[in-house]
Amino acid sequence: MAPAPPPAASFSPSEVQRRLAAGACWVRRGARLYDLSSFVRHHPGGEQLLRARAGQDISADLDGPPHRHSANARRWLEQYYVGELRGEQQGSMENEPVALEETQKTDPAMEPRFKVVDWDKDLVDWRKPLLWQVGHLGEKYDEWVHQPVTRPIRLFHSDLIEGLSKTVCVPIIWVPLVLYLSWSYYRTFAQGNVRLFTSFTTEYTVAVPKSMFPGLFMLGTFLWSLIEYLIHRFLFHMKPPSDSYYLIMLHFVMHGQHHKAPFDGSRLVFPPVPASLVIGVFYLCMQLILPEAVGGTVFAGGLLGYVLYDMTHYYLHFGSPHKGSYLYSLKAHHVKHHFAHQKSGFGISTKLWDYCFHTLTPEKPHLKTQ
């Protein structure tokens with residue numbers, strides 16, 4: 001017989017008040033208490049929205065309006081469970097008493113498995129590297145990988161390989177290369193001997209003046225936004241066959257790990273080593289398709305687009321944009337992609353291509369998620 005789980009910790013209203021006074025952000029759901037102090041800056045609705053609800057019952061906020069939170073958002077909340085509120089409860093723990101039994105209602109939208117986060121009963125052993133385990137999940141993988149958790153992921157046994165699988169500051173690596181390529185190809189344009197073929201033969205060419213350099217550079221940045229969308233939609237969100245151990249592993253290492261642990265800051269973007277291989281392939285393709293200076297300039301603009309994409313992506317997870325701003329809209333768009341609508345909302349740095357290809361996340365109030 002399995003041992004009984006340890007009893008949940010309990011806190012009196014005065015104990016909770018002391019934590020709130022010290023700056024912690026505790027909320028409750030009925031009698032269940034949650035410490036969201038480490039989550040407030042990640043909250044898509046903004047830090048102030050959660051701070052304003054510190055000490056309060058958030059059951060109504062979960063159900064909406066304005067937003068009915070998704071099953072994943074409710075599951076996510078349970079990872080911050082700290083214990084039960086005992087004795088008489090108060091609406092904000094400061095107002096008039098409310099009987100304890102009246103606040104211990106079960107949320108009908110909250111399935112039993114949401115009530116306890118038991119890592120020992122997960123489909124994988126979190127004490128071991130995950131990459132070698134996920135391939136065995138088979139048909140359970142797709143559901144499992146889209147149930148996000150708030151904990152770091154380890155992929156490999158080797159510390160060296162594990163370190164190479166993580167991301168360092170992206171601009172430090174790629175911005176110097178963007179500057180070098182831009183200066184080098186601008187000088188080539190300035191010499192006035194760049195010519196662009198107008199047919200499949202070298203017989204007809206047209207001179208490309210240096211005034212075209214900014215336009216070609218911006219074209220590369222714009223094209224990156226499309227490439228970003230296509231890769232995210234058709235490669236990162238492919239559904240690997242349930243009977244393919246290696247394709248499941250490939251999906252997990254490419255993108256699944258990010259959906260499983262969306263706030264693991266070391267795994268938000270492609271690590272430099274594999275990214276440099278992909279970037280090298282793009283560079284060679286541009287050199288084969290276009291004259292060297294033209295292709296190199298477009299590539300440099302695209303590389304800057306990649307850097308901006310990575311920085312935007314990081315900010316959408318860890319930043320707190322002002323409500324009503326463009327970045328606030330992007331953050332809400334991206335968080336809905338993670339927590340409720342994984343088959344839509346593929347644009348990161350822009351929603352342009354989601355508009356064009358009709359993959360925007362639903363805007364109906366009952367489908368929104370914070």
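Helices here are DSSP runs of H or I with at least four residues, strands are DSSP runs of E with at least two, and both are numbered from the N terminus.

**Figure 1. Overview of the protein chain in the predicted model.** By this assignment the protein chain holds 14 helices and eight strands. Of its 370 residues, 46% count as buried, where buried means under 20% relative accessible area. Among contacts between residues at least 6 apart in sequence, 68% join residues at least 24 apart.

**Figure 2. The open sheet of four strands, in the order β1-β4-β3-β2.** The pairing in this sheet is mixed. β1 and β2 are the edge strands, and each of them pairs on one side only. Strand β1 covers residues 10-11 and runs parallel to β4, with two bridges between them. Serine 10 has glutamate 84 of β4 as its bridge partner. β4 also pairs with β3, here in the antiparallel sense and over three bridges. In that pair, tyrosine 34 is bridged to tyrosine 81 of β4. β3 in turn pairs with β2, again in the antiparallel sense. In a regular strand the side chains alternate between the two faces of the sheet.

**Figure 3. The hairpin formed by β2 and β3.** Four bridges join the two antiparallel strands. Arginine 28 has leucine 33 of β3 as its bridge partner, and arginine 29 is bridged to arginine 32 of β3. Two residues lie between the strands. Glycine 30, in the turn, has a positive phi of about 70°.

**Figure 4. Helix α4, residues 71-78, and what covers it.** This helix is mostly covered, with seven of its eight residues buried. The buried residues are Asn72, Ala73, Arg74, Arg75, Trp76, Leu77 and Glu78. Their cover includes the strands β2 (26-29), β3 (32-35) and β4 (81-85). It also includes the helices α3 (59-63) and α13 (326-339).

**Figure 5. The largest pocket, with a volume of about 930 Å³.** The lining is made up of 43 residues, and those closest to the pocket centre are Phe236, Phe270, Ala275, Val278 and Tyr306. Two or more lining residues come from each of α7 (159-164), α9 (213-236), α10 (245-260), α11 (272-289) and α12 (292-318). α9 gives the largest share, nine residues. By residue class, the lining divides into 30 nonpolar, 10 polar and three charged residues. Rolling a probe the size of a water molecule over the atoms shows where empty space is left.

**Figure 6. Histidine 43 and histidine 69, each in a loop.** Histidine 43 sits between β3 and α2 (47-51). Its relative accessibility is 5%, so histidine 43 counts as buried. Serine 320 is 277 residues away from histidine 43 in sequence, yet the two C-alpha atoms are 7.9 Å apart. Histidine 69 lies in the loop between α3 and α4, where α4 is the helix of Figure 4. Histidine 69 is buried because its relative accessibility, 8%, falls under the 20% cut-off. Lysine 336 is 267 residues from histidine 69 along the chain, and 9.7 Å separates their C-alpha atoms.

**Figure 7. Histidine 358, in the segment after α14 (352-356).** Is histidine 358 buried or exposed? Histidine 358 counts as exposed because its relative accessibility is 73%, and the class begins over 50%. Histidine 358 is not a glycine, but its phi is positive, about 55°. Most residues other than glycine have a negative phi, and most peptide bonds are trans.

Figure 8. A disulfide is a covalent bond between the sulfur atoms of two cysteines. With a disulfide taken as a pair of cysteine sulfur atoms within 2.5 Å, the count of disulfides is zero.

Methods. Residues are numbered from 1 along each chain as its sequence is written. This is a predicted model: local features need pLDDT of at least 70, side-chain atom pairs count only at pLDDT 80 or more; totals for chains, interfaces and linings use all residues. Side-chain values use heavy atoms; hydrogens and water are left out. Buried means under 20% relative accessible area, exposed over 50%, partly exposed in between (1.4 Å probe, protein chains only). Contact means heavy atoms within 4.5 Å. On a 1 Å grid over the protein atoms alone, a cavity is a set of points where a 1.4 Å probe fits but cannot get out, and a pocket is an open set with protein on both sides within 12 Å along at least five of seven lines; lining residues have an atom within 4 Å of a point. Grid points are joined across faces, edges and corners, and a volume is the space filled by probe spheres set on the points. Ala, Val, Leu, Ile, Met, Phe, Trp, Tyr, Cys and Pro count as nonpolar, Asp, Glu, Lys and Arg as charged, and the others, Gly among them, as polar. Two strands pair if DSSP finds at least two bridges between them.
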